[in-house]
Amino acid sequence: MPKGLGQQADFLIRYGPGAIPVVIQGYLLTPRLPLGRPGQPLFGATTFRNGYRLRFNKMAIPSDRGFGEYTGMGAQHFDVVIVGAGLSGIGAAYHLQHRLPGKTYAILEARDAIGGTWDLFRYPGIRSDSDMHTLGYNFKPWPGAKSIADGPSIRDYVRDTAREYGIDKHIRFHHRVTGASWSSKDARWTITADHDGKPVAFTCSFIMMCSGYYRYEHGYTPDFPGRAQYKGEFIHPQLWPENLDYTGKQVVVIGSGATAVTIVPEMAKTAAHVTMLQRSPTYVVSRPSEDKIANRLKKFLPGKTAYGLTRWKNVALQMLFFNRARAQPDKVRGMLAHMAQKELGADYPVSTHFNPKYNPWDQRICLIPDSDLFNQLKSGRASIVTDTIDTFTEAGIKLSSGQELKADIVVSATGLDLQFLGGAEVKVDGEAIDLSKRLTYKGMMYEGVPNMVSIFGYTNASWTLKCDLTCEFTCRLIKRMDKTKTQAVTPKNLSSDIQTTPWLDFSSGYVQRGIGQFPKQGVTKPWKLNQNYALDLLSLRFGPVTDGVMEFSKPEAPARAA
Ligand SMILES: Cc1cc2nc3c(=O)[nH]c(=O)nc-3n(C[C@H](O)[C@H](O)[C@H](O)COP(=O)(O)OP(=O)(O)OC[C@H]3O[C@@H](n4cnc5c(N)ncnc54)[C@H](O)[C@@H]3O)c2cc1C
């Protein structure tokens, strides 16, 4: 079927003398609508299923994205609106059009690009820190030979997926969603968005929030004492300057998380020296960037089978390692220290630089490919200093120990600024909802909030594992609404004494700083977040969508006048 055929849309049509704009909602039936460039006048004829046969001599398409445009004469309606065109948003669109082919949808994306995280971050060496067989979608095998992949390859994979399945045609770029307001009477959401400074609105029956979990505008930078006097270049990895030349420069990278351990070995290739300055250490473990078993399986088995088997192998290994770390933290701590010592040599002070105070998996463990960080430490091109900052100086950083680090460039790899639902305000029947006071249902819906799902991946495994399952469950919910002729589905908390805990039990700084704005989880099902793929698989793919908590309903009929 040609793209666009059967799509329901509002078309802004200008015709006749004076080019009066009218909006016609209908189904596009003509395979070859003579579309041109945005704003370009068009000539031709088309027929709509609702009976309109239009011969028009001028048609303006104000945008080249999607099928139609909000015109100010009424909000365009979709069955589903997806917010965000990152890994999750593109995955959500695939599941939706694959499982519910009759549904109309649009993706509203604040930026001008597909890929989210994998388009935004441009620092040297940007890569995944989990394997691509589980960070890739369940429906599209990861094509690369490397299992720990670089950022641009991941961005290409997300873009290729969007293009291959025609998802890119549904994206409205430069649409930052600012609010979503549910009306129980109409059983629909009104979504407001900022489109290049202009407010626009859409309505939809269901929202999938795929807006990630952090603020895009900037990362987190602590208030470093004396920073104003520093004369060198100061950079946050989230806003990496294009064409930064660090060849032969003295670099200090502040931080010890996934970003720092990625940047340090990459910059050390050409910088004079790179110092990783950490307040406290992180667990670091090296894995080969290529998965030999996966690549061997690919040679003998069909692509999808090989991918599926590798995916399960990696899920099982991740779960095994995580559960072991939680059950026997001291043993795992010893094992990680031993592995680092073996890599760095007997004289290296592993207990100072790689032995955190917290237990393994109380924070994310940093994975490095092919020992790259260890190799640069051994070569002397990079080093680690575990100390605190006393003050910035004109030429670098003075530490509490009195040591001074000279730096032409300081990279503040100090983390993200968490943000829930892309900063959008949520209202239900006119009441602003403070989601931090609500419970999350299975880590994807919110107590008392109808027809809204948000995608939030695992912290102890790849994001996409949960993303795929959440999308599948959402499609099952929508199917059930269609079957039962209901229009709303709401997790209802009927108990007043559910014990709650924070959404995440991670001790990482960025989690602790921002977790207060996130909903809580309960300690029992279905309000508990599993952080466990096997349990979620049973619950979200095979478990019932009706569980006594999820309420399917119709809008109340208006009361008759007496
Ligand atoms: C540097 C880095 C490395 C990572 N590495 C891994 C890894 O190896 N493995 C892993 O599992 N996870 C990793 N993560 C987590 C990562 O974010 C997820 O893997 C995944 O990319 C999240 O995809 P997403 O689409 O849900 O969110 P994002 O990638 O954040 O995309 C969200 C999209 O929504 C858009 N958006 C946000 N707010 C709005 C709004 N209000 N209106 C409209 N659009 C909006 C954004 O512009 C963006 O395009 C990493 C994160 C970072 C920052």
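1. Helix 10 spans residues 372–379, and its buried residues are Asp-372, Leu-373, Phe-374, Gln-376 and Leu-377. Buried here requires 20 or more other C-beta atoms within 10 Å of the residue's own; 12 or fewer makes a residue exposed, and anything in between is partly exposed, with C-beta atoms placed from the backbone. Helices (H or I, at least four residues) and strands (E, at least two) are DSSP runs numbered from the N terminus. The buried residues of helix 10 pack against helix 5 (258–267), helix 8 (329–344), strand 14 (284–287), strand 15 (366–369) and strand 16 (382–386). Contact requires C-beta atoms, placed from the backbone, within 7 Å. Just after helix 10, Gly-380 has a positive phi of about 85°.

2. A caution on the source: this is a predicted model, in which local features need pLDDT of at least 70, side-chain atom pairs count only at pLDDT 80 or more, and totals for chains, interfaces and linings use all residues. Residues are numbered from 1 along each chain as its sequence is written.

3. Now the overall fold. The chain has 13 helices and 29 strands. Of its 562 residues, 40% are buried. Among contacts in the chain with a separation of 6 or more, 69% join residues 24 or more positions apart.

4. The ligand is surrounded by 32 residues, and the closest are Gly-84, Gly-86, Gly-116, Gly-212 and Gly-422. A residue belongs here if its C-beta atom, placed from the backbone, lies within 6 Å of the molecule. Helix 1 (87–99) and strand 8 (175–183) are the elements that give two or more residues to this shell. Helix 1 gives the most, with three residues. By class, the shell holds 13 nonpolar, 15 polar and four charged residues. Ala, Val, Leu, Ile, Met, Phe, Trp, Tyr, Cys and Pro count as nonpolar; Asp, Glu, Lys and Arg are charged; the others, Gly among them, are polar.

5. Strand 20 (residues 409–412) pairs with strand 11 (residues 233–235) in the parallel sense, over three bridges. Strand 20 also runs parallel to strand 12 (residues 250–254), joined by four bridges. Pairing requires at least two DSSP bridges between the strands. Which residue of strand 20 is the bridge partner of Glu-233? It is Ile-409. Val-251 also stands opposite Ile-409.

6. The largest nonpolar core has 81 residues, of which Val-81, Ile-82, Ile-207 and Met-208 touch the most other members. Such a core is a set of buried Ala, Val, Leu, Ile, Met, Phe, Trp, Tyr and Cys residues joined through C-beta atoms within 7 Å. Helix 11 (residues 463–484) gives the most to this core, with eight residues. Domain 2 (76–216 + 418–553) and domain 3 (227–412) both contribute residues, so the core lies between them. The domain bounds come from an automatic or database domain assignment. Apart from this core lies another, of 44 residues, including Ala-325, Leu-405, Ala-407 and Val-410.

7. Leaving out residues up to four places away in sequence, Ile-207 touches Val-81, Val-83, Ala-180, Trp-189, Ile-191, Asn-451 and Met-452.

8. Arg-215 sits in the loop between strand 10 (198–209) and strand 11. Arg-215 is partly exposed because 16 other C-beta atoms lie within 10 Å. The C-alpha atoms of Arg-215 and Leu-418 are 5.9 Å apart, although 203 residues separate them along the chain. Beyond four places in sequence, Arg-215 touches Asp-417 and Gln-419.

9. Tyr-123 lies in the loop between helix 2 (117–120) and helix 3 (132–135). Why does Tyr-123 count as buried? Because Tyr-123 has 21 C-beta neighbours inside 10 Å. Not counting residues up to four places away in sequence, Tyr-123 touches Pro-237, Trp-240, Thr-259 and Ile-263. Tyr-123 and His-236, 113 residues apart in sequence, are 9.1 Å apart from C-alpha to C-alpha.

10. Most residues other than glycine have a negative phi, and most peptide bonds are trans. Ala-187, in the loop between strand 8 and strand 9 (188–195), has a positive phi of about 50°. Ala-187 counts as partly exposed, with 18 C-beta neighbours inside 10 Å. Asn-243, in the loop between strand 11 and strand 12, has a positive phi of about 60°. Asn-243 counts as exposed, with 4 C-beta neighbours inside 10 Å. The Lys-525 to Pro-526 peptide bond is cis, with omega near -5°. Pro-526 lies in the loop between strand 28 (520–522) and helix 13 (533–542).

Definitions and conventions. Two residues are in contact if their C-beta atoms, placed from the backbone, lie within 7 Å.
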